[in-house]
Amino acid sequence: MTDYYHGGGDVEKTPLYGPLPSAVPKQSKRSAWMKWIERTALVVVFVYLASSTVFKESSNGGSNAAKPEKCLRIGDITWALCKGQDYLPGSECGTATVPLDYSNPSAGTATIALGRYNATGSTRRGIIILNPGGPGGTGTNLATISGARYQGLVGNEFDMIGFDPRGIGETTPRTQCFPSPEAHAAFIANTVLDRGYDVNPNLTDPFTRAHLIAQQRDANALWKTQFEICNETMGDTLRYAGTNTVVRDIDYLTTLLEGEDALINYYGISYGTVIGQYLVNMFPNRVGRVAIDGVVDANLWANVPAYKWERYFENSTDDAYKTFISDCAQAIQGSCALANGDDEKPDDLMARVESFVEGLYYEPLPVPDAKVPGILTNGRARLWLLGVIARPSTWPTKAQYLAWALAGNASALLDDLQSGTYLRDLERSAVSCNDNKPFDPPTPEEIIDEQLDVLKTVSRFSLSMVVSEPDAGCQYWPVTPPERFLGPWNHTLSNVMLIISNTMDPATPLSAGRRVNEALGNSSRLLIQESPGHASVALPSTCTIGYMRGYFANGTLPDNETKCPVDVGPFPSFGATSKVFTEEEKLMLESARHIAEVVLNH
């Protein structure tokens, strides 16, 4: 474990490579490119907006952050009541002016978009800073729209503080490599980064490797092109979007809001757990109540190339998939549309689904009646299934979509997959590539050999995660951040951190929570929820929520590796007893369900 958490020193500051060269004058190259992509984007925008409602603006009318005046200085903070029907009564939208580069005062300023929902309990205990994951997810709405629901999880005696991290949402400077998110969607449309890798069911066939290498060459070229565009449009501004800087912002914001002696309280889910690990190890003496849920191992995130992550991230993915299938087969008749009556065995149902998905490799399914007509490919089907198993509360609905697809009509499935398409820029890459320690560029053959081994020995979803979690291609990233935290990850903390992991999380497995817990020793405690799904909110548990409330209220901690059951399964099942919940328990469960809808859509 000591070797595993080698870290390589606290902070890396040495530039390793400079801007990518341009073969033609920037103005002519960029002008031609932008004209093409803007024309293409218009087509994509028209199709999406005309045929689907999934990308409509929120009824709040867009940004509601308090607009900073030009004369604002570092340390200034502004608040105003949020305007719009979606916002909670009394919620506040604001901004804080912070240093652009904490190691270089002359670099300028950044403006952090903020949201606040004040404590509603009889005693105010301070603030809890929230993060939804991603990276790339905006955070102000966690307070201004979902603040009351978060208080249902952590307690109503804290102000809920949401913020848009560096480069994201309304925080400036914003990561905007393409003219618009629609332009980026147009760029990757129907490429391997959109439709996923198509994987021959016969993994030992030499053609399988050759075909995957060809797809990887396409992926590499796409990543390189995107990052060259970023370098042309944004240049060194990209340097300031990493987790290292986000954590310094959290430290600075806590001082602005609560004073320099205040401890930091924080709750982060998924990638938000990376922020949490950076936070407690960069500022170990300022840790108040810090809880992380659905754990990504920050040491892997920082020190291991992304193409090697799936070996560690997906060791419970297939278990979650098998649980989806078995729960469906064992559900009360009629409650899972995918099952053929009461007598279909889980193995038979799995064989039927896998036969369909594998068959798409040889013969994709035409989908003329989808909102955006297309084809269902092997890669797209796997991508969709990976998203499904992360959210067990949706399994009855998604089982119906899959049943229709097996019957020849994949319209609902493809619509569902397309509704999850992120109309975003490259905010995520700006974070993950600034965070990841530079590495020697692997060849396409090296990448695919690694992935093939993971496909054979760990999970059939390995290459699906490469696309669903777009952190690859950092060997082409054109800038170096001002500082890069690489560890160590085993500091002694001023207060104990709470770690929450599910037994069958398809993206952030229990093994990651255990590694982080072991590294921190007596400075952390691990709570295990016995459920599938991504993070504990995916399938809520009053047991888990009760421990979380006690932790934030007074520091009460469960015994290490205490196990919590869930209260309700995805499907009604034979022999299940109906539990009667108190009004407080109902509030807890509804809060978790709401937060799952918010954060698992990031």
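## Close-up views of a predicted model

**View 1. The disulfide between Cys-177 and Cys-230.** In this close-up, Cys-177 is bonded to Cys-230, with 1.9 Å between the two sulfur atoms. Keep in mind here and in every view below that the model is predicted. The S-S torsion for Cys-177 and Cys-230 comes out at about 95°, so this disulfide is right-handed. Cys-177 sits in the loop between strand 6 (158-163) and helix 4 (181-188), while Cys-230 belongs to helix 6 (residues 206-234), so the bond ties together parts that are 53 residues apart in sequence. Cys-177 and Cys-230 are both buried.

**View 2. Cys-328 and Cys-336, a left-handed disulfide.** The sulfur atoms of Cys-328 and Cys-336 are 1.9 Å apart. Here the torsion about the S-S bond is about -90°, so the handedness is left. Both cysteines, Cys-328 and Cys-336, are buried.

**View 3. Cys-433 joined to Cys-474.** The S to S distance in this disulfide is 2.1 Å. With a torsion of about -80° about the S-S bond, the disulfide of Cys-433 and Cys-474 is left-handed. The pair links distant parts of the chain, 41 residues apart: Cys-433 is in helix 16, and Cys-474 is in the loop between helix 18 (462-468) and strand 11. As for burial, Cys-433 has a relative accessible area of 3% and is buried; Cys-474, at 7%, is buried too. Stepping back for a moment, the structure holds five disulfides. Count the bonded cysteines along the chain and the pattern reads 1-2, 3-4, 5-6, 7-8, 9-10.

**View 4. Arg-428 and its partner Glu-469.** Arg-428 is part of helix 16 (residues 427-435). With a relative accessibility of 13%, Arg-428 counts as buried, because the cut-off for buried is under 20%. Its side chain makes a polar contact with the side chain of Glu-469, at 2.6 Å. Once neighbours within four places in sequence are set aside, the residues in contact with Arg-428 are Gly-134, Pro-135, Glu-469, Pro-470 and Asp-471.

**View 5. The surroundings of Phe-461.** Phe-461 lies in the loop between helix 17 (444-457) and helix 18, and at 0% relative accessibility it counts as buried. Over its ring sits the charged end of Arg-382, 5.4 Å from the ring centre. Not counting residues up to four places away in sequence, Phe-461 touches Glu-314, Thr-317, Asp-318, Tyr-321, Arg-382, Leu-385, Leu-386 and Ile-389. Take Tyr-321 from that list: along the chain, Tyr-321 and Phe-461 are 140 residues apart, yet 9.8 Å separates their C-alpha atoms.

**View 6. Arg-289 over the face of Tyr-551.** Another arginine is placed over an aromatic ring here: Arg-289 lies 5.9 Å from the ring centre of Tyr-551.

**View 7. Aromatic pairs, starting with Phe-178 and Phe-187.** The model has 18 aromatic pairs. In the one formed by Phe-178 and Phe-187, the ring centres are 5.6 Å apart and the planes meet at 45°, so the pair is tilted. Phe-178 and Phe-187 are both buried. A second tilted pair is made by Tyr-278 and Phe-485, with 5.7 Å centre to centre and 55° between the planes. Since Tyr-278 is in helix 8 (residues 271-282) and Phe-485 in strand 11 (residues 484-485), this pair ties together parts that are 207 residues apart in sequence. Tyr-278 is buried, as is Phe-485.

**View 8. An aromatic cluster.** Four residues make up this cluster: Tyr-271, Trp-301, Trp-309 and Phe-313.

**View 9. Helix 7 from end to end.** Helix 7 covers residues 243-258, which makes 16 residues.

Key: Residues are numbered from 1 along each chain as its sequence is written. This is a predicted model: local features need pLDDT of at least 70, side-chain atom pairs count only at pLDDT 80 or more; totals for chains, interfaces and linings use all residues. Side-chain values use heavy atoms; hydrogens and water are left out. Helices (H or I, at least four residues) and strands (E, at least two) are DSSP runs, numbered from the N terminus. The expected span of a helix is 1.5 Å times one less than its number of residues. Rings of Phe, Tyr and Trp (its six-membered ring) pair if their centres lie within 6.5 Å; planes under 30 degrees apart count as stacked, over 60 as edge-to-face and the rest as tilted. Buried means under 20% relative accessible area, exposed over 50%, partly exposed in between (1.4 Å probe, protein chains only). A charge sits over a ring if NZ of Lys or CZ of Arg is within 6 Å of the ring centre and within 35 degrees of the ring normal. A polar contact is a pair of N or O atoms within 3.5 Å; within protein, one must be able to donate a hydrogen and the other to accept it, and residues adjacent in sequence count only if both atoms are side-chain atoms. Contact means heavy atoms within 4.5 Å. A disulfide is a pair of cysteine sulfur atoms within 2.5 Å.
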